[in-house]
Amino acid sequence: MSVGLLFFLLLTFIISIIFIIFFRLAGKSRRAADRRQLPPGPTRWPIVGNLLQLGRLPHRDFARFCSTYGPLVYLRLGSVDAITTDDPEVIREILVGQDDAFASRPSTVASARLAYGSGDVALAPMGSHWKRMRRICMEHLLTTRRLESFAAHRAEEARDLLMEVWAKSSSGETIDLRQVLGGFSMNNVTRMLLGKKYFGPAWAGQREAMEFMEITHELFHLLGILYLGDYLPAWRWLDPTGCERKMREVEKKTDQFHQKIIDEHRERTRRRKKTRGSHCKELDDDDDGAMDFVDVLLSLHGEDGKEHLDDKEIKALMQDMVAAATDTSAVTSEWAFTELLRHPHVLQKAQFELDSVIGLDRPIRESDLPHLSYLRCIVRETFRLHPAGPFLIPHESLRPAHLMNGRYTLPCHTRVFINTHALGRNPHVWGDDVDEFRPERHEKRKGKVEISHGDDFVILPFGAGKRRCPGAPLGVVMMLMGLGTLLHGFDWKAAYGKRPEEVGAEEIYGMTMPRAEPLKAVATTRLKEGIYVGGE
Ligand code: HEM
(Lines give C-alpha, C1' and ligand atoms only; values in the text may rest on other atoms or scores of the structure.)
Protein backbone atom coordinates (compact mmCIF):
# COMPACT_ATOMS: atom_id res chain seq x y z
CA MET A 1 0.00 0.00 0.00
CA SER A 2 1.42 3.40 -0.99
CA VAL A 3 2.07 6.08 1.62
CA GLY A 4 -0.47 8.34 -0.23
CA LEU A 5 -3.27 5.78 0.05
CA LEU A 6 -2.42 5.18 3.69
CA PHE A 7 -2.54 8.91 4.34
CA PHE A 8 -5.91 9.17 2.49
CA LEU A 9 -7.47 6.35 4.53
CA LEU A 10 -6.21 7.85 7.77
CA LEU A 11 -7.61 11.27 6.85
CA THR A 12 -11.01 9.77 5.90
CA PHE A 13 -11.10 7.90 9.22
CA ILE A 14 -10.29 11.03 11.24
CA ILE A 15 -12.85 13.15 9.36
CA SER A 16 -15.52 10.45 9.88
CA ILE A 17 -14.79 10.36 13.62
CA ILE A 18 -15.01 14.16 13.82
CA PHE A 19 -18.37 14.10 11.97
CA ILE A 20 -19.78 11.39 14.22
CA ILE A 21 -18.71 13.25 17.37
CA PHE A 22 -20.05 16.54 15.99
CA PHE A 23 -23.49 15.10 15.11
CA ARG A 24 -23.79 13.26 18.43
CA LEU A 25 -23.00 16.44 20.34
CA ALA A 26 -25.36 18.48 18.19
CA GLY A 27 -28.12 15.87 18.76
CA LYS A 28 -27.45 15.87 22.48
CA SER A 29 -27.52 19.61 22.81
CA ARG A 30 -30.66 19.78 20.65
CA ARG A 31 -32.33 17.23 22.96
CA ALA A 32 -31.08 19.12 25.97
CA ALA A 33 -32.45 22.36 24.48
CA ASP A 34 -35.80 20.66 23.88
CA ARG A 35 -35.83 19.46 27.49
CA ARG A 36 -35.00 22.97 28.66
CA GLN A 37 -38.10 24.15 26.82
CA LEU A 38 -40.46 21.65 28.41
CA PRO A 39 -43.30 23.28 30.38
CA PRO A 40 -42.81 23.43 34.15
CA GLY A 41 -44.04 20.61 36.36
CA PRO A 42 -43.56 18.84 39.66
CA THR A 43 -40.22 17.21 40.53
CA ARG A 44 -39.77 13.81 38.91
CA TRP A 45 -38.36 10.65 40.45
CA PRO A 46 -36.02 8.37 38.50
CA ILE A 47 -37.83 5.63 36.53
CA VAL A 48 -41.35 6.31 37.89
CA GLY A 49 -41.31 10.07 37.16
CA ASN A 50 -44.46 11.59 38.69
CA LEU A 51 -46.47 8.38 39.00
CA LEU A 52 -46.10 8.26 42.78
CA GLN A 53 -47.67 11.72 43.08
CA LEU A 54 -51.00 10.44 41.70
CA GLY A 55 -53.70 9.16 44.02
CA ARG A 56 -57.21 7.70 43.77
CA LEU A 57 -58.54 10.77 41.91
CA PRO A 58 -55.76 11.67 39.43
CA HIS A 59 -57.78 14.50 37.81
CA ARG A 60 -57.70 16.31 41.17
CA ASP A 61 -53.90 15.80 41.43
CA PHE A 62 -53.47 17.09 37.86
CA ALA A 63 -55.63 20.12 38.77
CA ARG A 64 -53.39 20.82 41.76
CA PHE A 65 -50.31 20.71 39.48
CA CYS A 66 -52.01 23.18 37.12
CA SER A 67 -52.73 25.66 39.89
CA THR A 68 -49.10 25.42 41.12
CA TYR A 69 -47.18 25.30 37.82
CA GLY A 70 -49.87 26.04 35.17
CA PRO A 71 -51.44 26.80 32.86
CA LEU A 72 -49.50 24.09 30.98
CA VAL A 73 -47.80 21.40 33.05
CA TYR A 74 -45.25 18.76 32.03
CA LEU A 75 -45.31 15.36 33.72
CA ARG A 76 -43.20 12.30 33.24
CA LEU A 77 -45.33 9.22 33.79
CA GLY A 78 -42.83 6.36 33.92
CA SER A 79 -41.44 6.25 30.39
CA VAL A 80 -44.10 8.53 28.92
CA ASP A 81 -43.93 12.30 28.31
CA ALA A 82 -47.22 13.94 29.24
CA ILE A 83 -48.80 17.37 29.55
CA THR A 84 -51.95 18.56 31.25
CA THR A 85 -53.91 21.79 31.24
CA ASP A 86 -57.17 23.33 32.49
CA ASP A 87 -56.83 26.62 30.61
CA PRO A 88 -59.28 27.53 27.79
CA GLU A 89 -56.65 29.28 25.64
CA VAL A 90 -54.10 26.46 25.88
CA ILE A 91 -56.85 23.93 25.20
CA ARG A 92 -57.96 25.85 22.11
CA GLU A 93 -54.37 25.93 20.85
CA ILE A 94 -53.98 22.15 21.32
CA LEU A 95 -57.36 21.04 19.96
CA VAL A 96 -57.89 23.58 17.21
CA GLY A 97 -54.78 25.68 16.49
CA GLN A 98 -52.48 22.65 16.41
CA ASP A 99 -55.03 19.94 15.72
CA ASP A 100 -52.74 18.38 13.09
CA ALA A 101 -50.02 17.78 15.66
CA PHE A 102 -52.18 16.64 18.59
CA ALA A 103 -55.05 14.66 17.06
CA SER A 104 -53.61 11.18 17.54
CA ARG A 105 -54.30 8.71 20.35
CA PRO A 106 -51.69 6.84 22.41
CA SER A 107 -51.34 3.13 21.95
CA THR A 108 -52.21 1.46 25.27
CA VAL A 109 -52.65 -2.09 26.44
CA ALA A 110 -56.42 -1.48 26.78
CA SER A 111 -56.77 -0.03 23.27
CA ALA A 112 -54.90 -3.02 21.85
CA ARG A 113 -56.84 -5.62 23.85
CA LEU A 114 -60.26 -4.05 24.22
CA ALA A 115 -60.70 -2.02 21.04
CA TYR A 116 -59.72 -4.60 18.45
CA GLY A 117 -56.10 -3.47 18.23
CA SER A 118 -57.14 0.23 18.17
CA GLY A 119 -59.24 -0.73 15.13
CA ASP A 120 -62.18 1.45 16.27
CA VAL A 121 -62.68 5.24 15.98
CA ALA A 122 -62.28 6.55 19.53
CA LEU A 123 -58.92 4.94 20.36
CA ALA A 124 -57.43 4.67 16.86
CA PRO A 125 -54.24 6.64 16.17
CA MET A 126 -54.46 9.37 13.53
CA GLY A 127 -54.17 7.85 10.06
CA SER A 128 -56.09 6.43 7.14
CA HIS A 129 -57.88 3.78 9.24
CA TRP A 130 -59.24 6.38 11.70
CA LYS A 131 -60.29 8.65 8.81
CA ARG A 132 -62.23 5.83 7.17
CA MET A 133 -63.95 4.67 10.37
CA ARG A 134 -64.83 8.24 11.35
CA ARG A 135 -66.25 8.85 7.85
CA ILE A 136 -68.45 5.74 8.25
CA CYS A 137 -69.78 7.17 11.55
CA MET A 138 -70.47 10.59 10.10
CA GLU A 139 -71.84 9.57 6.69
CA HIS A 140 -73.74 6.39 7.51
CA LEU A 141 -74.51 6.08 11.21
CA LEU A 142 -74.86 9.47 12.89
CA THR A 143 -76.45 11.47 10.07
CA THR A 144 -79.35 13.80 10.89
CA ARG A 145 -81.64 11.70 8.68
CA ARG A 146 -80.77 8.44 10.43
CA LEU A 147 -81.07 9.98 13.91
CA GLU A 148 -84.49 11.39 12.94
CA SER A 149 -85.57 7.97 11.76
CA PHE A 150 -85.18 6.73 15.37
CA ALA A 151 -87.23 9.59 16.90
CA ALA A 152 -90.27 7.31 17.34
CA HIS A 153 -88.14 4.77 19.27
CA ARG A 154 -86.82 7.53 21.51
CA ALA A 155 -90.38 8.76 22.18
CA GLU A 156 -91.37 5.20 23.10
CA GLU A 157 -88.42 4.95 25.50
CA ALA A 158 -89.43 8.25 27.17
CA ARG A 159 -92.98 6.89 27.58
CA ASP A 160 -91.63 3.65 29.11
CA LEU A 161 -89.44 5.66 31.49
CA LEU A 162 -92.43 7.68 32.66
CA MET A 163 -94.48 4.51 33.11
CA GLU A 164 -91.70 2.65 34.95
CA VAL A 165 -91.17 5.43 37.49
CA TRP A 166 -94.94 5.89 37.88
CA ALA A 167 -95.39 2.16 38.60
CA LYS A 168 -92.60 2.19 41.16
CA SER A 169 -93.71 5.38 42.87
CA SER A 170 -97.34 4.18 43.01
CA SER A 171 -96.22 1.13 44.94
CA GLY A 172 -94.16 3.28 47.32
CA GLU A 173 -90.80 2.09 45.93
CA THR A 174 -87.70 4.27 46.16
CA ILE A 175 -86.38 5.15 42.70
CA ASP A 176 -82.80 4.18 41.87
CA LEU A 177 -82.02 6.98 39.44
CA ARG A 178 -78.82 5.33 38.26
CA GLN A 179 -80.78 2.30 37.22
CA VAL A 180 -83.68 4.08 35.48
CA LEU A 181 -81.51 6.68 33.71
CA GLY A 182 -78.95 3.99 32.76
CA GLY A 183 -81.69 1.75 31.35
CA PHE A 184 -83.16 4.68 29.40
CA SER A 185 -79.90 5.60 27.66
CA MET A 186 -78.86 1.96 27.17
CA ASN A 187 -82.20 1.13 25.51
CA ASN A 188 -82.08 4.20 23.28
CA VAL A 189 -78.61 3.29 22.08
CA THR A 190 -79.02 -0.47 21.73
CA ARG A 191 -82.32 -0.13 19.84
CA MET A 192 -80.63 2.13 17.32
CA LEU A 193 -77.43 0.19 17.18
CA LEU A 194 -78.36 -3.45 17.63
CA GLY A 195 -82.12 -3.40 17.04
CA LYS A 196 -82.80 -4.63 20.61
CA LYS A 197 -83.71 -3.20 23.98
CA TYR A 198 -82.22 -4.73 27.07
CA PHE A 199 -84.38 -3.29 29.88
CA GLY A 200 -88.07 -2.77 30.68
CA PRO A 201 -91.04 -4.07 28.68
CA ALA A 202 -90.32 -5.96 25.42
CA TRP A 203 -86.71 -6.53 26.41
CA ALA A 204 -84.22 -8.97 24.92
CA GLY A 205 -84.49 -11.45 27.85
CA GLN A 206 -83.04 -11.76 31.34
CA ARG A 207 -79.95 -13.79 30.46
CA GLU A 208 -78.93 -11.67 27.50
CA ALA A 209 -79.58 -8.40 29.37
CA MET A 210 -77.46 -9.53 32.33
CA GLU A 211 -74.68 -10.68 29.99
CA PHE A 212 -74.77 -7.35 28.16
CA MET A 213 -74.67 -5.35 31.41
CA GLU A 214 -71.83 -7.41 32.82
CA ILE A 215 -69.72 -7.08 29.68
CA THR A 216 -70.23 -3.34 29.32
CA HIS A 217 -69.42 -2.69 32.98
CA GLU A 218 -66.21 -4.71 32.83
CA LEU A 219 -65.24 -2.99 29.61
CA PHE A 220 -65.82 0.53 31.02
CA HIS A 221 -63.88 -0.32 34.13
CA LEU A 222 -60.85 -1.65 32.25
CA LEU A 223 -60.84 1.15 29.67
CA GLY A 224 -60.96 3.71 32.45
CA ILE A 225 -58.15 2.66 34.77
CA LEU A 226 -54.67 4.20 34.67
CA TYR A 227 -52.85 0.93 33.99
CA LEU A 228 -49.24 1.03 35.19
CA GLY A 229 -48.14 -1.34 32.39
CA ASP A 230 -48.71 1.56 29.94
CA TYR A 231 -46.08 3.62 31.75
CA LEU A 232 -43.66 1.08 33.19
CA PRO A 233 -43.14 -1.67 30.59
CA ALA A 234 -41.55 -3.99 33.20
CA TRP A 235 -44.87 -3.97 35.09
CA ARG A 236 -46.44 -5.92 32.23
CA TRP A 237 -44.10 -8.87 32.87
CA LEU A 238 -45.30 -9.20 36.42
CA ASP A 239 -48.92 -8.05 36.03
CA PRO A 240 -49.24 -8.26 39.84
CA THR A 241 -52.89 -7.10 39.85
CA GLY A 242 -53.94 -9.55 37.10
CA CYS A 243 -55.17 -6.64 35.01
CA GLU A 244 -53.97 -7.99 31.65
CA ARG A 245 -55.41 -11.41 32.39
CA LYS A 246 -58.76 -9.72 33.07
CA MET A 247 -58.45 -7.75 29.82
CA ARG A 248 -57.89 -10.96 27.86
CA GLU A 249 -60.97 -12.55 29.44
CA VAL A 250 -63.14 -9.50 28.71
CA GLU A 251 -61.75 -9.29 25.18
CA LYS A 252 -62.88 -12.85 24.54
CA LYS A 253 -66.33 -12.38 26.09
CA THR A 254 -67.07 -9.11 24.24
CA ASP A 255 -65.90 -10.56 20.97
CA GLN A 256 -68.22 -13.56 21.33
CA PHE A 257 -71.11 -11.26 22.23
CA HIS A 258 -70.54 -9.01 19.22
CA GLN A 259 -70.11 -11.95 16.88
CA LYS A 260 -73.43 -13.39 18.05
CA ILE A 261 -75.18 -10.10 17.24
CA ILE A 262 -73.59 -9.96 13.78
CA ASP A 263 -74.59 -13.58 13.08
CA GLU A 264 -78.17 -12.90 14.18
CA HIS A 265 -78.34 -9.90 11.84
CA ARG A 266 -76.92 -11.90 8.93
CA GLU A 267 -79.44 -14.65 9.55
CA ARG A 268 -82.32 -12.16 9.74
CA THR A 269 -81.28 -10.52 6.46
CA ARG A 270 -80.97 -13.93 4.80
CA ARG A 271 -84.47 -14.88 5.95
CA ARG A 272 -85.94 -11.58 4.76
CA LYS A 273 -84.34 -11.97 1.36
CA LYS A 274 -85.55 -15.53 1.09
CA THR A 275 -89.11 -14.48 1.94
CA ARG A 276 -89.04 -11.89 -0.80
CA GLY A 277 -87.34 -14.04 -3.45
CA SER A 278 -83.74 -14.33 -4.55
CA HIS A 279 -84.14 -11.45 -7.04
CA CYS A 280 -84.92 -9.09 -4.17
CA LYS A 281 -82.91 -5.89 -3.85
CA GLU A 282 -80.49 -5.28 -0.97
CA LEU A 283 -82.02 -4.49 2.41
CA ASP A 284 -82.59 -0.76 2.71
CA ASP A 285 -84.18 1.78 5.05
CA ASP A 286 -87.64 1.20 3.59
CA ASP A 287 -87.61 -2.45 4.67
CA ASP A 288 -89.44 -2.92 7.96
CA GLY A 289 -88.72 0.63 9.13
CA ALA A 290 -85.27 2.00 9.96
CA MET A 291 -82.20 -0.25 9.58
CA ASP A 292 -80.24 -0.50 12.80
CA PHE A 293 -76.53 0.38 12.76
CA VAL A 294 -75.42 -3.23 12.46
CA ASP A 295 -77.64 -3.66 9.37
CA VAL A 296 -76.06 -0.51 7.92
CA LEU A 297 -72.52 -1.70 8.65
CA LEU A 298 -73.24 -5.09 7.10
CA SER A 299 -74.48 -3.40 3.95
CA LEU A 300 -71.36 -1.24 3.42
CA HIS A 301 -68.54 -2.16 1.03
CA GLY A 302 -65.12 -2.97 2.44
CA GLU A 303 -61.75 -1.67 1.38
CA ASP A 304 -59.88 -2.76 -1.78
CA GLY A 305 -63.05 -3.88 -3.57
CA LYS A 306 -64.17 -6.21 -0.73
CA GLU A 307 -67.92 -6.80 -0.77
CA HIS A 308 -68.34 -6.05 2.95
CA LEU A 309 -66.55 -4.47 5.92
CA ASP A 310 -64.58 -7.06 7.90
CA ASP A 311 -66.37 -8.46 10.96
CA LYS A 312 -63.53 -7.07 13.07
CA GLU A 313 -64.19 -3.54 11.77
CA ILE A 314 -67.93 -3.90 12.44
CA LYS A 315 -67.33 -5.20 15.95
CA ALA A 316 -64.91 -2.37 16.75
CA LEU A 317 -67.47 0.22 15.64
CA MET A 318 -70.32 -1.46 17.56
CA GLN A 319 -68.25 -1.50 20.70
CA ASP A 320 -67.30 2.16 20.33
CA MET A 321 -70.86 3.28 19.93
CA VAL A 322 -72.08 1.37 23.00
CA ALA A 323 -69.14 2.48 25.14
CA ALA A 324 -69.17 6.11 23.97
CA ALA A 325 -72.91 6.61 23.97
CA THR A 326 -74.50 4.88 26.95
CA ASP A 327 -72.48 5.67 30.03
CA THR A 328 -71.71 9.29 29.10
CA SER A 329 -75.31 10.49 29.02
CA ALA A 330 -76.45 8.28 31.94
CA VAL A 331 -73.63 9.41 34.24
CA THR A 332 -74.19 13.11 33.45
CA SER A 333 -77.96 12.81 33.91
CA GLU A 334 -77.45 11.22 37.34
CA TRP A 335 -75.18 14.14 38.29
CA ALA A 336 -77.80 16.63 37.07
CA PHE A 337 -80.37 14.96 39.33
CA THR A 338 -77.92 14.98 42.24
CA GLU A 339 -77.51 18.74 41.91
CA LEU A 340 -81.28 19.23 41.56
CA LEU A 341 -81.93 17.32 44.79
CA ARG A 342 -79.25 19.41 46.47
CA HIS A 343 -80.82 22.61 45.08
CA PRO A 344 -84.64 22.29 45.26
CA HIS A 345 -85.20 25.88 44.07
CA VAL A 346 -83.45 25.00 40.78
CA LEU A 347 -85.65 21.90 40.43
CA GLN A 348 -88.79 24.01 40.96
CA LYS A 349 -87.66 26.62 38.46
CA ALA A 350 -87.09 23.85 35.87
CA GLN A 351 -90.59 22.47 36.52
CA PHE A 352 -92.08 25.95 36.19
CA GLU A 353 -90.46 26.25 32.75
CA LEU A 354 -91.61 22.75 31.71
CA ASP A 355 -95.18 23.53 32.76
CA SER A 356 -95.25 26.81 30.87
CA VAL A 357 -93.77 25.32 27.65
CA ILE A 358 -95.59 21.93 27.69
CA GLY A 359 -98.52 22.33 30.07
CA LEU A 360 -99.79 19.52 32.29
CA ASP A 361 -101.89 17.67 29.73
CA ARG A 362 -99.27 15.82 27.70
CA PRO A 363 -95.77 14.39 28.13
CA ILE A 364 -92.65 16.13 26.79
CA ARG A 365 -91.74 15.79 23.08
CA GLU A 366 -88.42 16.28 21.30
CA SER A 367 -89.86 19.34 19.54
CA ASP A 368 -90.11 21.04 22.99
CA LEU A 369 -86.38 20.77 23.67
CA PRO A 370 -85.15 23.95 21.90
CA HIS A 371 -87.66 25.99 23.97
CA LEU A 372 -86.48 24.70 27.35
CA SER A 373 -83.73 27.26 27.95
CA TYR A 374 -83.47 26.76 31.71
CA LEU A 375 -83.27 22.96 31.39
CA ARG A 376 -80.50 23.48 28.84
CA CYS A 377 -78.70 25.76 31.34
CA ILE A 378 -79.00 22.97 33.93
CA VAL A 379 -77.37 20.49 31.57
CA ARG A 380 -74.63 22.97 30.70
CA GLU A 381 -73.97 23.70 34.37
CA THR A 382 -73.87 19.95 35.05
CA PHE A 383 -71.26 19.51 32.31
CA ARG A 384 -69.25 22.33 33.89
CA LEU A 385 -69.11 20.72 37.33
CA HIS A 386 -69.37 17.06 36.35
CA PRO A 387 -68.14 16.42 32.79
CA ALA A 388 -68.89 12.85 31.68
CA GLY A 389 -65.19 11.97 31.97
CA PRO A 390 -62.60 13.87 34.06
CA PHE A 391 -60.32 14.12 31.00
CA LEU A 392 -61.04 14.06 27.29
CA ILE A 393 -59.91 10.74 25.83
CA PRO A 394 -56.10 11.23 25.92
CA HIS A 395 -54.66 12.78 22.76
CA GLU A 396 -51.05 12.25 21.59
CA SER A 397 -48.67 14.39 19.54
CA LEU A 398 -47.67 13.00 16.15
CA ARG A 399 -44.48 15.06 15.94
CA PRO A 400 -42.43 17.48 18.04
CA ALA A 401 -44.60 20.55 18.63
CA HIS A 402 -44.37 24.04 20.10
CA LEU A 403 -47.00 25.53 22.37
CA MET A 404 -47.82 28.93 23.90
CA ASN A 405 -46.22 31.08 21.19
CA GLY A 406 -43.28 28.73 20.86
CA ARG A 407 -42.36 29.08 24.53
CA TYR A 408 -42.42 25.31 25.08
CA THR A 409 -41.29 22.42 22.92
CA LEU A 410 -42.80 18.98 23.31
CA PRO A 411 -41.36 15.76 21.97
CA CYS A 412 -43.22 13.47 19.57
CA HIS A 413 -45.63 11.02 21.34
CA THR A 414 -46.40 13.39 24.20
CA ARG A 415 -49.62 12.26 25.88
CA VAL A 416 -52.14 15.08 26.39
CA PHE A 417 -54.54 15.10 29.35
CA ILE A 418 -57.12 17.85 28.88
CA ASN A 419 -58.61 18.19 32.35
CA THR A 420 -62.24 19.13 31.71
CA HIS A 421 -63.11 18.58 35.38
CA ALA A 422 -60.59 21.25 36.40
CA LEU A 423 -61.55 23.54 33.48
CA GLY A 424 -65.10 23.78 34.88
CA ARG A 425 -63.72 24.63 38.33
CA ASN A 426 -61.00 27.02 37.22
CA PRO A 427 -61.55 30.21 39.30
CA HIS A 428 -59.74 32.33 36.66
CA VAL A 429 -62.52 31.37 34.27
CA TRP A 430 -65.58 31.08 36.53
CA GLY A 431 -64.88 33.46 39.43
CA ASP A 432 -65.11 32.78 43.13
CA ASP A 433 -68.33 30.75 43.18
CA VAL A 434 -66.93 27.88 41.08
CA ASP A 435 -68.24 25.21 43.47
CA GLU A 436 -71.79 26.52 43.44
CA PHE A 437 -74.33 24.86 41.13
CA ARG A 438 -75.92 27.90 39.48
CA PRO A 439 -77.46 27.32 36.04
CA GLU A 440 -78.29 31.05 35.83
CA ARG A 441 -74.63 31.76 35.01
CA HIS A 442 -75.37 30.45 31.49
CA GLU A 443 -78.63 32.36 31.09
CA LYS A 444 -77.26 35.61 29.76
CA ARG A 445 -76.47 34.06 26.37
CA LYS A 446 -78.77 35.26 23.60
CA GLY A 447 -80.92 32.81 21.61
CA LYS A 448 -80.81 29.03 22.16
CA VAL A 449 -78.52 27.96 25.02
CA GLU A 450 -75.74 25.93 23.41
CA ILE A 451 -74.73 22.87 25.38
CA SER A 452 -71.62 22.13 23.36
CA HIS A 453 -68.44 24.26 23.67
CA GLY A 454 -68.70 27.80 22.31
CA ASP A 455 -65.99 30.08 20.94
CA ASP A 456 -64.71 30.68 24.46
CA PHE A 457 -63.88 27.00 25.26
CA VAL A 458 -64.94 27.45 28.89
CA ILE A 459 -66.74 24.12 28.95
CA LEU A 460 -65.82 21.22 26.72
CA PRO A 461 -68.32 18.38 27.17
CA PHE A 462 -67.69 16.87 23.74
CA GLY A 463 -64.10 17.89 23.00
CA ALA A 464 -63.25 19.99 19.93
CA GLY A 465 -61.32 19.76 16.66
CA LYS A 466 -60.78 16.59 14.64
CA ARG A 467 -61.54 14.24 17.56
CA ARG A 468 -64.71 16.03 18.62
CA CYS A 469 -67.51 13.68 19.68
CA PRO A 470 -69.56 12.77 16.58
CA GLY A 471 -72.54 11.74 18.76
CA ALA A 472 -72.99 15.10 20.57
CA PRO A 473 -76.45 15.94 19.10
CA LEU A 474 -77.77 12.51 20.04
CA GLY A 475 -76.20 12.67 23.52
CA VAL A 476 -77.82 16.07 24.17
CA VAL A 477 -81.25 14.89 23.03
CA MET A 478 -81.08 11.76 25.20
CA MET A 479 -80.11 13.77 28.27
CA LEU A 480 -82.74 16.49 27.79
CA MET A 481 -85.48 13.93 27.10
CA GLY A 482 -84.58 11.80 30.12
CA LEU A 483 -84.35 14.74 32.53
CA GLY A 484 -87.33 16.56 31.01
CA THR A 485 -89.54 13.45 31.29
CA LEU A 486 -88.72 12.87 34.95
CA LEU A 487 -88.89 16.51 36.05
CA HIS A 488 -92.14 17.20 34.21
CA GLY A 489 -93.73 13.93 35.34
CA PHE A 490 -92.85 13.92 39.05
CA ASP A 491 -91.96 15.91 42.15
CA TRP A 492 -88.70 14.67 43.70
CA LYS A 493 -87.10 14.39 47.11
CA ALA A 494 -83.97 12.61 48.27
CA ALA A 495 -84.66 9.12 49.64
CA TYR A 496 -84.50 8.11 53.32
CA GLY A 497 -85.57 11.59 54.48
CA LYS A 498 -82.18 13.11 53.62
CA ARG A 499 -82.06 16.90 53.58
CA PRO A 500 -80.76 18.55 50.36
CA GLU A 501 -77.38 19.33 51.94
CA GLU A 502 -77.00 15.68 52.94
CA VAL A 503 -77.09 14.42 49.33
CA GLY A 504 -73.48 13.45 48.64
CA ALA A 505 -71.47 14.49 45.58
CA GLU A 506 -68.41 12.25 45.84
CA GLU A 507 -67.10 10.96 42.52
CA ILE A 508 -65.10 7.88 41.51
CA TYR A 509 -62.40 8.00 38.86
CA GLY A 510 -62.75 6.15 35.56
CA MET A 511 -63.19 6.74 31.83
CA THR A 512 -66.48 8.27 32.93
CA MET A 513 -66.80 9.69 36.43
CA PRO A 514 -69.98 8.58 38.21
CA ARG A 515 -71.14 9.39 41.73
CA ALA A 516 -69.58 7.13 44.30
CA GLU A 517 -73.04 5.79 45.27
CA PRO A 518 -76.14 5.31 43.10
CA LEU A 519 -78.62 8.16 43.61
CA LYS A 520 -81.89 7.17 45.28
CA ALA A 521 -84.99 9.38 45.41
CA VAL A 522 -88.72 9.44 46.07
CA ALA A 523 -91.06 10.48 43.24
CA THR A 524 -94.67 11.73 43.47
CA THR A 525 -96.89 12.20 40.44
CA ARG A 526 -97.87 15.67 39.21
CA LEU A 527 -99.66 14.97 35.88
CA LYS A 528 -103.07 13.44 35.09
CA GLU A 529 -102.97 9.66 35.69
CA GLY A 530 -103.83 8.79 32.06
CA ILE A 531 -100.56 10.40 30.86
CA TYR A 532 -98.46 7.90 32.80
CA VAL A 533 -100.07 4.98 31.05
CA GLY A 534 -99.51 6.26 27.55
CA GLY A 535 -102.36 8.75 27.06
CA GLU A 536 -102.03 12.41 25.99
C1 HEM B 1 -73.80 13.09 26.70
C2 HEM B 1 -73.28 12.24 25.87
C3 HEM B 1 -71.86 12.24 25.37
C4 HEM B 1 -70.75 12.86 25.87
C5 HEM B 1 -70.65 13.74 27.10
C6 HEM B 1 -69.64 12.53 25.01
C7 HEM B 1 -68.35 12.99 25.17
C8 HEM B 1 -67.28 12.65 24.34
C9 HEM B 1 -65.93 13.11 24.53
C10 HEM B 1 -65.47 14.05 25.63
C11 HEM B 1 -65.17 12.56 23.55
C12 HEM B 1 -63.65 12.73 23.36
C13 HEM B 1 -63.29 13.94 22.54
C14 HEM B 1 -61.78 14.12 22.44
O15 HEM B 1 -61.03 13.22 22.71
O16 HEM B 1 -61.34 15.22 22.08
C17 HEM B 1 -66.03 11.74 22.74
C18 HEM B 1 -65.61 11.00 21.66
C19 HEM B 1 -66.44 10.16 20.94
N20 HEM B 1 -67.81 10.00 21.11
FE21 HEM B 1 -68.97 10.91 22.46
N22 HEM B 1 -70.09 11.70 24.01
C23 HEM B 1 -71.44 11.51 24.19
C24 HEM B 1 -72.29 10.77 23.39
C25 HEM B 1 -71.89 10.04 22.28
C26 HEM B 1 -72.79 9.28 21.44
C27 HEM B 1 -74.31 9.23 21.60
C28 HEM B 1 -72.01 8.66 20.49
C29 HEM B 1 -72.40 7.76 19.35
C30 HEM B 1 -73.54 7.13 19.20
C31 HEM B 1 -70.63 9.05 20.74
C32 HEM B 1 -69.55 8.63 20.01
C33 HEM B 1 -68.24 9.06 20.19
C34 HEM B 1 -67.11 8.61 19.40
C35 HEM B 1 -67.15 7.57 18.27
C36 HEM B 1 -65.98 9.30 19.86
C37 HEM B 1 -64.54 9.21 19.36
C38 HEM B 1 -64.24 10.30 18.33
C39 HEM B 1 -62.84 10.19 17.74
O40 HEM B 1 -61.91 9.83 18.44
O41 HEM B 1 -62.70 10.52 16.55
N42 HEM B 1 -70.60 9.88 21.83
N43 HEM B 1 -67.33 11.82 23.24
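The elements that give two or more residues to the shell around the ligand are helix H6 (128–141), helix H14 (311–342) and H19. H14 supplies the largest share of that shell, five residues. Helices (H or I, at least four residues) and strands (E, at least two) are DSSP runs, numbered from the N terminus.

Residues are numbered from 1 along each chain as its sequence is written. Because the model is predicted, local features need pLDDT of at least 70 and side-chain atom pairs count only at pLDDT 80 or more, while totals for chains, interfaces and linings use all residues; side-chain values use heavy atoms, with hydrogens and water left out.

The ligand is surrounded by 26 residues, and the closest are Arg105, Arg134, His395, Arg467 and Cys469; a residue counts as near if one of its heavy atoms lies within 4 Å. The side chain of Arg105 has an N or O atom 2.9 Å from an oxygen atom of the ligand. For His395, a polar side-chain atom lies 2.9 Å from an oxygen atom of the ligand.

Cys469 is listed by UniProt under "binding site" in an unreviewed entry; such annotations may be inferred rather than shown by experiment. Cys469 sits in the loop between helix H18 (427–430) and helix H19 (472–489). Its relative accessibility is 28%, so Cys469 counts as partly exposed. The classes are buried under 20% relative accessible area, exposed over 50%, and partly exposed in between (1.4 Å probe, protein chains only).

Strand E4 (residues 395–396) and E7 run antiparallel, joined by two bridges; strands pair if DSSP finds at least two bridges between them. Strand E2 (residues 80–85) runs parallel to E7 through four bridges, and Thr84 has Phe417 as its bridge partner there. From strand E7 (residues 415–418), Arg415 and Phe417 point one way and Val416 and Ile418 the other, and all are buried.

The largest nonpolar core has 49 residues, of which Val165, Leu177, Phe337, Leu486, Leu487, Phe490 and Trp492 touch the most other members. H19 gives the largest share of this core, eight residues. A second, separate core of 40 residues includes Ile136, Leu142, Leu194 and Val294. A nonpolar core is a set of buried Ala, Val, Leu, Ile, Met, Phe, Trp, Tyr and Cys residues joined through side-chain atoms within 4.5 Å.

Definitions and conventions: Polar contact = N/O pair within 3.5 Å; in protein donor to acceptor, adjacent residues only side chain to side chain.
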